[in-house]
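This briefing sets out the strand pairing, helix packing and charged contacts of one protein model. Please consult the sequence and coordinates below while reading.

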Amino acid sequence: MSDLSIVSVETTVLDVPLVRPHKFATTSMDAQPILLVGITTGGGVTGYGEGVVPGGPWWGGESVETMQAVVERYLVPVLIGRRVDEITGIMADIERVVAGARFAKAAVDIALHDAWARCLDVPVHTLLGGAFRTSVDVTWALGSAPVEEIIAEAREKIESRKHFSFKLKMGALDPATDTERVLRVTEALAGQAGVRVDFNARWDRLTALRHLPWLADGGVQLIEQPTPGEQLEVLAELNALLPIPVMADESVHTPHDALEVARRGAADVIAVKTTKCGGLRRSREVVAVARAAGLACHGATSIEGPIGTAASIHFACAEPGIDFGTELFGPLLFSEELLQEPLRYSDGQVHLPTGPGLGVELNMDAVKRWTRN
């Protein structure tokens with residue numbers, strides 16, 4: 001086995017343009033910033049991780065700029081000289097140095113897993129107990145175009161057998177207008193594909209009580225985080241009211257958050273992002289709590305690039321608790337491929353990469369092209 005000691009850590013910020021603007025409840029983006037973290041061992045093996053947030057610091061308070069500063073100033077000193085197979089100890093020491101900053105920690109956690117697996121010449125999922133499946137379902141997030149264009153986009157995905165489940169963002173428009181818009185899409189796709197909605201925690205209690213029943217009656221299959229993440233009592237009230245599943249995203253970052261959601265009956269499904277949870281190991285803890293409570297888990301996305309997405313695919317294929325599909329579509333939104341060989345999407349699923357580590361190789365010319373000056 002080659003030398004496992006960590007000799008260098010490099011960070012690179014990329015700004016990768018998207019094929020179309022991606023809209024959230026309060027913002028939109030036409031390029032995705034990515035912090036690429038590379039950890040190199042004494043044996044010359046490099047593992048990569050991504051620090052990615054969905055559209056900037058509005059979601060969880062972190063950005064590529066804050067993540068780069070945290071990694072370079074505070075996490076690198078913990079890493080240098082350690083072995084890449086000391087993930088448990090390294091991440092425990094990092095917790096003592098930096099509170100929160102889970103997106104930054106996820107980049108380091110995934111880079112460590114990639115490097116260690118490459119040193120062993122095994123895939124990352126082996127370090128997680130082994131894959132029990134080789135692909136997972138992928139929901140596609142529809143854009144913010146006029147309704148007719150959204151419907152046309154969804155039908156094209158269905159006809160080409162790329163996706164059979166769709167998500168629409170809500171919360172940016174007048175609630176009544178927003179509700180009518182979604183119901184038109186749901187009606188048009190009835191019998192062809194499922195539609196779910198995500199509010200990014202932007203409605204208040206009364207707005208949610210007034211409009212969510214209309215969405216449920218109109219055929220929407222799932223409601224994601226309609227109200228502020230900390231208001232678990234409101235989420236529990238809505239979950240008890242609605243005849244369709246409610247998914248918690250902004251409400252769950254940690255295993256304890258998952259425990260509180262379970263205790264209060266605040267959701268039926270938990271959105272598990274390997275980014276917001278702080279990496280693969282902490283994501284497993286969140287899923288373990290959810291499974292013990294009988295809650296389903298969804299493999300959610302922060303619009304990761306191919307490195308972060310590959311990590312989440314390995315996680316989802318090795319974790320039976322990810323039992324409510326995924327939305328690991330991030331690389332499909334990018335206007336340029338960052339890998340030498342793209343991730344494979346077909347028949348509504350994304351397939352587990354093969355090969356050592358994450359099973360993907362960066363196209364360094366593309367990385368250089370989109371590196372921030």
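Two strands are taken to pair if DSSP finds at least two bridges between them. Helices (H or I, at least four residues) and strands (E, at least two) are DSSP runs, numbered from the N terminus. The model is predicted, so that local features need pLDDT of at least 70 and side-chain atom pairs count only at pLDDT 80 or more, whereas totals for chains, interfaces and linings use all residues. Residues are numbered from 1 along each chain as its sequence is written, and side-chain values use heavy atoms, with hydrogens and water left out.

**Sheet E1-E2-E3**

- Three strands make an open sheet in the order E1-E2-E3, and their pairing is antiparallel.
- Strand E1 (6-23) and strand E3 (46-51) are the edge strands, each pairing on one side only.
- From one strand to the next, the twist averages 25°; axes are lines fitted to C-alpha atoms, for helices over the stretch in contact, and angles run from 0 to 180 degrees between N-to-C directions.
- Strand E2 (residues 28-41) is joined to E1 by 13 bridges in the antiparallel sense.
- Within this pairing, Thr41 in E2 is the residue opposite Ile6.
- Helix H1 (residues 64-79) lies across E1, E2 and E3 and runs at about 160° to E1.

**Sheet E4-E14-E13**

- Another open sheet has 3 strands in the order E4-E14-E13, again with antiparallel pairing.
- Strand E4 (135-137) and strand E13 (345-346) each have a single partner strand, so one side of each is left without a neighbour in the sheet.
- E4 pairs with strand E14 (residues 349-351) over 3 bridges in the antiparallel sense, and Val136 stands opposite Val350 in E14.
- Helix H11 (residues 306-318) lies across E4, E13 and E14, at about 95° to E4.

- His351 belongs to strand E14 and has a relative accessible area of 16%, which makes it buried (under 20% relative accessible area; exposed is over 50% and partly exposed in between, with a 1.4 Å probe and protein chains only).
- The side chains of His351 and Ser346 are joined by a polar contact of 2.8 Å.
- A polar contact is a pair of N or O atoms within 3.5 Å; within protein, one must be able to donate a hydrogen and the other to accept it, and residues adjacent in sequence count only if both atoms are side-chain atoms.
- Leaving aside residues up to four places away in sequence, His351 touches Thr134, Ser135, Ile313, Arg344 and Ser346, where contact means heavy atoms within 4.5 Å.

- Strand E9 (residues 246-248) and E10 run parallel and are joined by 2 bridges; Ala248 stands opposite Ile270 in E10.
- In strand E10 (residues 269-272), Val269 and Ala271 point one way, Ile270 and Val272 point the other way, and all are buried.
- In a regular strand, side chains alternate between the two faces of the sheet.
- E10 is also joined to strand E11 (residues 296-299) by 4 bridges, and these two run parallel.
- The bridge partner of Val272 in E11 is Gly299.
- From E10 the chain crosses through helix H10 (residues 280-292) to E11 in a right-handed β-α-β crossover.
- A right-handed β-α-β unit is likewise made by E9, helix H9 (residues 255-264) and E10.
- A crossover is right-handed if, with the strands pointing away from the viewer, the path from the first strand over the helix to the second runs clockwise.

**Salt bridges**

- The structure holds 26 salt bridges, each defined as a side-chain nitrogen of Lys or Arg within 4 Å of a carboxyl oxygen of Asp or Glu.
- Asp249 forms a salt bridge with Lys276, with the closest N and O atoms 2.7 Å apart.
- This pair links distant parts of the chain, 27 residues apart: Asp249 is in the loop between E9 and H9, and Lys276 is in the loop between E10 and H10.
- Asp249 is buried at a relative accessible area of 1%, and Lys276 is buried at 0% relative accessibility.
- Salt bridges that share partners join Lys167, Lys169, Asp198, Glu224 and Glu327 into one network.
- Glu237 forms a salt bridge with Arg205, the closest N and O atoms being 2.8 Å apart.
- Glu237 lies in helix H8 (residues 232-241) and Arg205 in helix H7 (residues 205-217), 32 residues apart.
- Glu237 is partly exposed at 31% relative accessibility, and Arg205 is partly exposed with a relative accessible area of 35%.
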